[in-house]
Amino acid sequence: MAAGGSSSGQPQFIARAGNESFSHAPLIENPETDQIVVPDKKSWKNLFAYMGPGFLVSIAYIDPGNFETDLQSGAQYKYELLWIILVASCAALIIQSLAANLGVVTGKHLAEHCKAEYPKVQNFILWVLAEIAIVACDIPEVIGTAFALNMLFSIPVWCGVLLTGLSTLFLLALQQYGIRKLEFLIAFLVLTIAICFFLELGYAKPDVGEVFYGLFVPQLKGSGATGLAISLLGAMVMPHNLFLHSALVLSRKIPRSVSGIKEACRFYMIESGFALMVAFLINVSVISVSGAVCNSPDLNKEDQMSCNDLDLNKASFLLRNVLGKWSSKLFAIALLASGQSSTITGTYAGQYVMQGFLDLKLTPWVRNFLTRCLAIVPSLIVAIIGGSSGAGKLIIIASMILSFELPFALVPLLKFTSSRTKMGTHVNSTAITVLTWIIGCLIMAINIYYLMTRFIHVLLHNDLQLVAVVFIGILGFSGMAIYLAGIAYLVFRKTKESTHLLALTTEESQQLSNTPSKRSGYGLPNEDLTSMQLPQRVRTTSGDVN
């Protein structure tokens, strides 16, 4: 990448070619990509150029799986677990900011770094785990959309599962308009979800004092509350989201100066903070509505039974019975918006993962079709055999799979962003490194504890013979030992592969700036983005850069 004509004397970042000579070309160049150019000048107005990726990422925090956990926590413990949402949202902002920083600083997303860093066998295993996580993420979206169609149009759940395949066509029609239009649509869907649940708050009228008390006073009463708290925490950081965020930031063409990179990291954190704040308010609204409705003194016995085992499908009937028909419709609209927006982000994450790990690019409709089939088949079988209750349990299984997968995306992210080999002068500070590792270890410990307790519960409460229980126990704990060994490998393995981004001295920068070149000091998005951003034009947000 050209060092640009900057006269500030700040070090510029360029790529090192294989022959150890300096290259004046951008890290990756594809002029046909629909790029969003950030002006090469300091201004708070640049924030608008960075707005967008955070909303795509925030969808994972308000997907149907999160809604189900929120509904259960509100139904069983009213507002007592709201503080968990606050803590989890703050932790999620820090983790997501690391993912954005990795992409901004290095010009590569997380999957590409994994491919460059790990041997072939380990890399293949990480890819398989990432693909499983994406399918597990897609299952709640499929079932949530099916439930929403059932609530709105009385379509059977199994038919709704099949109809979710049409979202593939919707996604394809959307992609021709480029990344900016897609980001606006996702933001619109997020705001639709927010409006629906804010209106639900108007129907439910929760006690404001109790809500604030639950937000800021930590409390856990009983083992059941601990289990739900673990589920809430585990659902807040999704493995596919880390791959997604580190790639989405590459859709911006930023100045590659030290100050330009720092500004990009700062504005992405602000943008992510705003999007995650909206997601946080939505989650608080869901829990507050559920808590107010299920703890109402006017509930009949049937509604009380629904509250004891509340899921997405029962929630609609509960809201209709207690708050009225329109309340149920608002919930269904919010659920449909959540499911459809999750379709888009899941497909994008899958494309980045496949390209990064395997350097294999599929056209979007093929990628979406494969992912959707893998999610639809188990959802359809369970919906036909087990009905709505079976489909609801499949969401819980999917969330357990995501909890299992998380360390294999989170540990590499923490390792790479804490490594000077990868990040250069933009490496995490000691304080940030310690804080993020504490957060990461707590999240992983919570998820491992959640998996262990669920597995032990299944072993102790089943109708199998003792021999079968012992055999399953041996297999399960052996698998857990292998699982922990894999995490330990990622944690203690030394980072070896550099990103080939070098900070030049002032003298070298001046030499490069004297080289005839029409290029500015910008880093272009990775070429894997081009398969999803189809318009063949280059545009700027404000102020063209020559």
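Where is the place of S290? S290 sits in helix α13.

## Basis of the model

This is a predicted model: local features need pLDDT of at least 70, side-chain atom pairs count only at pLDDT 80 or more, and totals for chains, interfaces and linings use all residues. Residues are numbered from 1 along each chain as its sequence is written, and side-chain values use heavy atoms, with hydrogens and water left out.

Helix α13 covers residues 258–294 and holds F280. Helices are DSSP runs of H or I with at least four residues, numbered from the N terminus. F280 is buried, at a relative accessible area of 12%. Buried means under 20% relative accessible area, exposed over 50%, and partly exposed in between (1.4 Å probe, protein chains only). Leaving out residues up to four places away in sequence, F280 touches I85, L86, S89 and L215. Contact means heavy atoms within 4.5 Å. The C-alpha atoms of F280 and S89 are 6.5 Å apart, although 191 residues separate the pair along the chain.

S290 is buried too, with a relative accessible area of 4%. Beyond its neighbours within four places in sequence, S290 contacts D70, L71, G74, A75 and L310.

## L71 in helix α3

L71 belongs to helix α3, residues 64–77. Its relative accessible area is 6%, so L71 is buried. Setting aside residues up to four places away in sequence, L71 touches V286, S290, L310, D311, L312, A315 and F331. L71 and L312 lie 241 residues apart along the chain, with their C-alpha atoms separated by 7.8 Å.

## The largest nonpolar core

The largest nonpolar core has 151 residues, and F67, I282, F331 and F357 touch the most other members. Such a core is a set of buried Ala, Val, Leu, Ile, Met, Phe, Trp, Tyr and Cys residues joined through side-chain atoms within 4.5 Å. Helix α13 gives the largest share of this core, 18 residues. I282 contacts I62, F67, V190, I193, A194 and F197, leaving aside its neighbours within four places in sequence.

## Cysteines

The count comes to one disulfide, a pair of cysteine sulfur atoms within 2.5 Å. The disulfide joins C294 to C307, with an S to S distance of 2.1 Å. C294 lies in helix α13 and C307 in helix α14 (residues 301–308), so the pair ties together parts 13 residues apart in sequence. The S-S torsion is about -85 degrees, so this disulfide is left-handed. Both C294 and C307 are buried.

C114 is buried, with a relative accessible area of 1%. C159 is partly exposed, at 22%.

Methods: Helix = DSSP H or I, 4+ residues; strand = E, 2+ residues; numbered from the N terminus.
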